Amino acid sequence: MTHPKAAPPAPGAETSGDSYLPDHGNGGYRVRHYDLDLDYRLGPNRLSARARITAVTTQALSRFSLDLVGFRVSRVLVDSRQAKFTRHGHKLRVKPARSLAAGAEFVVEVRYVGNPRPLGGPWGDIGWDELTDGALVASQPVGAPSWFPCNDHPADKASYRIAVTTSSPYAVLVTGYLVSRGRQASTTTWVYERPEPTSTYLMSVQIGQYVDVELAGGPVPQRAAAPARLGAALRHDFGRQRAMMDMCQRLFGPYPFGEYQVVVTDDELDDPIEAQGMSVFGANHVDGLRTHERLVVHELAHQWFGNCLTVAGWRHIWLNEGFATYVEWLWSEESGGTPAAELASRWHAEIAGDPADLRIADPGMPGLFDRRVYKRGALTLHALRHRLGDDTFFALLKDWVATHRHGTVRTEDFTALAAEHAGADLGAFFATWLDDPRMPGPPG
């Protein structure tokens, strides 16, 4: 009796059909856990690594693919058996010795080595990058394949164990909980675990000659790693971290992770970097004057909106950036600065003059990080707050976080929950603010 071969997946098919970045993400399986052992040599920028990926098939597979860029792959095993593999672009295509049944758990091991480099693109260099003295990872939205083989789609969230070995004078910060640190001669191995479901783009490694600074005590440990020369300015600029955390927990519910880590590099960065349980700033964001405090609270807000609740596809990006921007306005009012209503009025006037050519609910890849996604996204929330009233609006936000905790979200999920809290049809309201490129009148 013969058995039909398992149908192969479409190479490069995405897990949820994201049209913005069709070359990232892979069909036929979902990842449960990444186990990475990384040996990094700073001088030559050399990474030798082993990745063990535990996944579950969503269909019968005779082959599958992973995202990985710029390394020499020496070996691929599937369930401890040698597998055939090929490289094309940033795809590692794997043909296991035995086909995989639908619903089967399997383990892929990939050995690879090379000089990690960021991926170029419309947003600049994204991924593993060298600093003047150290390294950083900035993966949003496509940088994860620059340092580990993965299913690079925001909706495929998994747990992680990451071990990094590097020169002992350097501190290693990874998005996770430090579980061990051991020195061997001139190197130290740092082991971190991230048990909460996490998207590939939200995993990060930061390496530098940093000192440890406590930012805030309390139930949620908040710490910073930074160059010693910035210590005094950092303590001032991040001095209201505890109050920010208190506000966010009051308005959105409990902090979703066990710790919050800030990293300040000795180099300048164009923008702060969001990661799971971590935010990364450049030395230029620390001046001892709290000049960039709005960015500090913006990145903290992403721990709820973007990290705990992750977009199911990139067209929903306003659910990350519009929400985090509105938290800036809430913090301004909370801390005695400009009230949220005044900031909304200012930004409405500012972006009303922009071209009416972008839909917030589907901005397109070129508009992914357009300022209108941020500011008009925040204006949408302010208009909704005015429509619902404070009690209903903030009850909605708490319910939004609690309902989708550590999951993935879409715009239609939020609009449906908002209508439920309003007890009314909000279709026309959201069509005006999210779907019509023309700017509505000012909220309130």
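The model is predicted, so local features need pLDDT of at least 70 and side-chain atom pairs count only at pLDDT 80 or more, while totals for chains, interfaces and linings use all residues. Residues are numbered from 1 along each chain as its sequence is written, and side-chain values use heavy atoms, with hydrogens and water left out.

Start with the overall form. The chain holds 9 helices and 22 strands. Helices (H or I, at least four residues) and strands (E, at least two) are DSSP runs, numbered from the N terminus. The C-alpha atoms fill a box of roughly 70 × 60 × 40 Å along the principal axes. A compact globule of 444 residues would have a radius of gyration near 22 Å, and the chain agrees at 22 Å. That radius is taken over C-alpha atoms, and the globule rule is 2.2 Å times the number of residues to the power 0.38.

Buried residues make up 58% of the 444. Buried means under 20% relative accessible area, exposed over 50%, and partly exposed in between (1.4 Å probe, protein chains only). Of the contacts with a separation of 6 or more, 68% join residues 24 or more positions apart. Contact here means heavy atoms within 4.5 Å.

Now take helix α5, residues 340–351. Ala340, Leu343, Ala344, His348 and Ile351 are buried in α5. Seen down the axis, these buried residues fall within an arc of 135°, so they line one face of the helix. The arc is that of the directions from the helix axis to the C-beta atoms. An α-helix has 3.6 residues a turn, so residues three or four places apart point the same way. The buried residues of α5 pack against α4 (318–334), α6 (371–388) and α9 (427–435).

Strand β8 (residues 105–114) is largely enclosed by the rest of the structure, because 8 of its 10 residues are buried. β8 pairs in the antiparallel sense with β2 (residues 46–57) over 10 bridges. Pairing requires at least two DSSP bridges between two strands. Arg52 has Glu109 of β8 as its bridge partner. β8 also pairs with β4 (residues 72–78), again antiparallel, over 6 bridges. There, Arg72 stands opposite Val113.

Finally, look at Glu268, in the loop between β18 (260–264) and β19 (273–275). Glu268 counts as exposed, at 63% relative accessibility. Leaving aside residues up to four places away in sequence, Glu268 touches Gly282, Ala283 and Asn284.
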